[in-house]
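Have the model open in a viewer with residue selection to hand. The stops below go from one selection to the next.

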Amino acid sequence: MSDTSPLCKKSRFIMSVKQLISEKEVLEVVGNLARRIGRDYQGKKPLLIGCLTGSFVFMADLVRRLTIPVECDFMKVSSYEDRMSAGEIKLLLDATLPVKDRHVIVIEDIVDTGQSLTFILERLRSKNPKSLESCVLLYKESPRITIPKNSILYLGSAVPDVFIVGYGIDYAQNHRELPYVGYVERE
Ligand code: 5GP
Ligand code: MG
């Protein structure tokens, strides 16, 4: 793990970002996920539904590595900070394309408790897709997890229980532009 800029001053503490997964490594993981999806969905034109905002970089890289045609849509649920308590998840933006009888893959940046993903899957399942799977880039080794790892068909990398940033994922809207996956640490 290497120390990297930028530094972010937050109240009296200096927060620094440390690299966890390099740009090259993360793109390898995304490439492997794309290969598996391409094999499994040959001739099916799946509908990929990205969970905003954190998954926008992951989804953009994933679709460009797919060799099959897909359609794309997005959903947004209240994030970490917007939640009153664990479990109180609100739908902020719904998918607009029809889901009924489609092969749907939910694209999520990171799973911690799994509550956001469960909420999104339940909502989509109620619209009767032909099939419904999830593709998650990062899975936190967290004691708070509520969903089994093997329920996620396309799983990228496990990460430790730290606050992840970069590659589309933010800390108070910062660090989304970093090309690698890192974590914030208080100095
Ligand atoms: P869950 O519902 O699984 O607890 O959390 C899922 C959502 O919370 C993720 O889609 C992501 O938006 C956010 N999240 C979870 N862990 C982290 C993290 O380590 N860093 C950041 N920035 N967001 C996270
Ligand atoms: Mg997310």
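Start with Ala 172, which is partly exposed at a relative accessible area of 44%, where buried means under 20% relative accessible area, exposed over 50% and partly exposed in between, taken with a 1.4 Å probe and protein chains only. Ala 172 is not a glycine, yet its phi is positive, at about 50 degrees. The residue sits in the loop between β9 (164-165) and β10 (181-186); helices are DSSP runs of H or I with at least four residues, strands are runs of E with at least two, and both are numbered from the N terminus.

Before moving on, note that this is a predicted model, in which local features need pLDDT of at least 70, side-chain atom pairs count only at pLDDT 80 or more, and totals for chains, interfaces and linings use all residues. Residues are numbered from 1 along each chain as its sequence is written, chains are lettered from A and ligands numbered from 1 in the order in which they are written, and side-chain values use heavy atoms, with hydrogens and water left out.

Next, select Lys 45. This residue also has a positive phi without being a glycine, with a value near 40 degrees. Lys 45 belongs to the loop between α1 (23-40) and β3, and its relative accessibility of 41% makes it partly exposed.

Go on to Leu 52 and Thr 53 and display the backbone. The peptide bond from Leu 52 to Thr 53 is cis, with omega near 0 degrees. Thr 53 is in the loop that runs between β3 (47-52) and α2 (56-64).

Now select Ser 157, in strand β8 (residues 154-159). Is Ser 157 buried or exposed? Its relative accessibility is 17%, so it counts as buried. Apart from neighbours within four places in sequence, Ser 157 is in contact (heavy atoms within 4.5 Å) with Ile 21, Val 29, Leu 137, Leu 138 and Tyr 139.

For the cysteines, select Cys 72 and Cys 135. Cys 72 is partly exposed at 37% relative accessibility, whereas Cys 135 is buried at 0%. How many disulfides are there? Taking a disulfide as a pair of cysteine sulfur atoms within 2.5 Å, the count is 0.

Finish at the magnesium ion, ligand 2. Its protein donors are Glu 108 (OE) and Asp 109 (OD), which lie 2.4 to 2.7 Å from the ion. Donors are N, O and S atoms within 2.8 Å of the metal (3.2 Å for Na, K and Ca); water is not among the atoms, so sites may look incomplete. Glu 108 and Asp 109 are both buried.
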